[in-house]
Amino acid sequence: MKYAWIENDKVRDVCHGNPAECYHPDVAVFYSTQVPDDAVNGDGWVDGQLVKPAPPAPAEPAPRMIDASAVRLALTLAERVKWDNDSAPEVVTAKAEFSGPRTVAYATEVLALLVGAGVISQASADKVLA
Amino acid sequence: MNKGLYGLPVPPNAPTRVAPPRWTNFKVITSTTSAETVPLNVYQMGVAVWGGGGNGTTATSVSTPVAGGGGGGFAYGIIDVVPNQTLPTITVGGQGGTSSFGSMLTATGGTNASGNTPGTGGTGTTSASLRGAIAANGGAGGSGPAGIQFAGGGGGAGSPYGNGGAGGSGSGTGRGATGGGGLNGRGGNYLNNVDHAATGGGGVFNGGDASTTNSNAGATGGGGSGSAGSGYSGSSIGGAGGSGLGTTNQPAGGTNGGGTSITSGGSGNGGYEVTGVRILAGNGVGSGNFIDVVMRTLTGGGGGGSASQVPMGGNGAPGGGGGAAYVANVGGIGGQGGIGGGGGGSYDLGGYSARGGNGGPLGGGGGALGTSAIPVYGGNGGFGGGGGSGCTASGGTVGAGTGGQGVVVLFWTEGY
């Protein structure tokens, strides 16, 4: 058994020795509760019983990001010629927008611009987003 | 014979004992031990004890503010010793834990934040028999206005400079992310009513505030050891860091330390971005270590704030906080604090990711805010610093900054 500082029904801190020897007397008085050896800071302490916190939910996967190289690879050869060489405002703007990784929602809007301008087909846009 | 504190003969000249004019050696203790001994030819030692920092919190909502963790408490005193003597047990607290030097010096940890309720700072307690005793509280975490997406910074640890600086807080109606607290300077506060700004971390002085006169977005500078950080001049020109004690001129655009002739104590200039011309925010310049913390001789400047297409705030030098990062459509990282400096806040508008700057040793981490489902991470606290908070507007990966563990540092000067 170890001694712990209990505050707001939680283990605030566990002492791994004799609190009277480890801490100044003004602080040692807070370490007045005996807790099981497996108690760690942050555990719950309800009605004299140790309550381990629920395991954290699995992290959501990182959102998919799309950049200029991913766009280019999904285009047909003819579309790549336009992407590489066309000076149309839509192409220039789209390349600037894809200068860094973008979210799918962001990329969808830019690809719609290119489809509307006839630079790429809807099928190619769908391929980028697939 | 007169017996010393541990039942051993008192050192020579004990009745007329004076502390050395300056400690010349130090040892950082990061885990609990009962095996530390006194170096040869040493008869007094300074002992500094810091508790661990509290964790920040997270949220994934456009209307939820989150708060930073509290900074650790601090206790310091000078003990009389004899060479080769075994020191009493040194307890080093983990995150949020209590650190102690025997029963003579104890510093409790800062508490974890809960939602938008910030963690509170730890406290320091010293025995009355110690010479030169100092005790100080850690700073509280920062928090935001109710109902508004906001990420508060973590609190800084206490020190001889005084109570630790609080993490920056918000009081307007705009969304924002604030810097962590430093030694005595708080993270910049967010006072205005527009969205999209981040504030710098505190150092010895405060991080720059996003003031009520700002009507636009931007990033402020970190606090320095000689003055507070500056506010921004719009999203394309970040705020300069606070000056260090060696600064003799005003910083010039984007350079580390504010100019080519400044090698100590210069502030970092703000980042700059206009029509494709992008200049990184400058780092603070200066020097210092734990001896300078207890002697209060830190000289470093704060880091500059970023501009809208410049992804990083400048790092703080010792005694300086990191600059903030406000970015649009690129990933943003707040600047790291130097020793005793808080990390800068990070605000990312529709881009890739946002990461609050980590606090330097004894500094709190910066808060981080993303306006879309991007990865967001609050900055971690350094030794004794509270963790920053993190929030996204709508899901995505989000992580809170963790509070730093506690630490104990021993100081001595041979011959004293």
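Modeller: In this predicted model, residues 24 or more positions apart account for 54% of the contacts in chain B with a separation of 6 or more. Chain B has one helix and 25 strands.

Colleague: What makes Gly185(B) a buried residue?

Modeller: A residue is buried if 20 or more other C-beta atoms lie within 10 Å of its own. Gly185(B) has 39 other C-beta atoms within 10 Å, and is therefore buried. Gly185(B) is found in the loop between strand 12 and strand 13 of chain B. Setting aside neighbours within four places in sequence, Gly185(B) is in contact with residues including Gly165(B), Val204(B), Phe205(B), Gly223(B) and Gly321(B).

Colleague: How do you know which share of chain B is buried?

Modeller: Of the 416 residues in chain B, buried residues make up 73%.

Colleague: Which residues does Phe74(B) contact beyond its neighbours within four places in sequence?

Modeller: Among them are Val49(B), Trp50(B), Ala107(B), Ala135(B) and Ala157(B).

Colleague: Why are helix 5 and helix 6 of chain A called roughly antiparallel?

Modeller: Angles over 145 degrees count as roughly antiparallel. The axes of helix 5 (residues 89–97) and helix 6 (residues 104–116) of chain A come within 10 Å and cross at roughly 165°. The two helices are therefore roughly antiparallel to each other. By class, their contact has four nonpolar, no polar and two charged residues. Glu90(A), Ala94(A) and Glu97(A) in helix 5 meet Val110(A), Leu113(A) and Leu114(A) in helix 6.

Colleague: How many residues does each chain bring to the contact between chain A and chain B, and what makes up the side of chain B?

Modeller: Chain B brings 29 residues and chain A brings 20 residues. On the side of chain B that touches chain A, seven residues are nonpolar, 22 are polar and none is charged. Gly counts as polar in this division.

Methods: Residues numbered from 1 in each chain as written. Chains lettered and ligands numbered in written order. Predicted model: local features only at pLDDT ≥ 70, side-chain atom pairs only at ≥ 80, totals over all residues. Contact = placed C-beta atoms within 7 Å. Axes fitted to C-alpha atoms, helices over the stretch in contact; angles between N-to-C directions. Helix = DSSP H or I, 4+ residues; strand = E, 2+ residues; numbered from the N terminus. Parallel < 35°, antiparallel > 145°, perpendicular 65-115°, else oblique. Buried ≥ 20, exposed ≤ 12 C-beta atoms within 10 Å, placed from the backbone.
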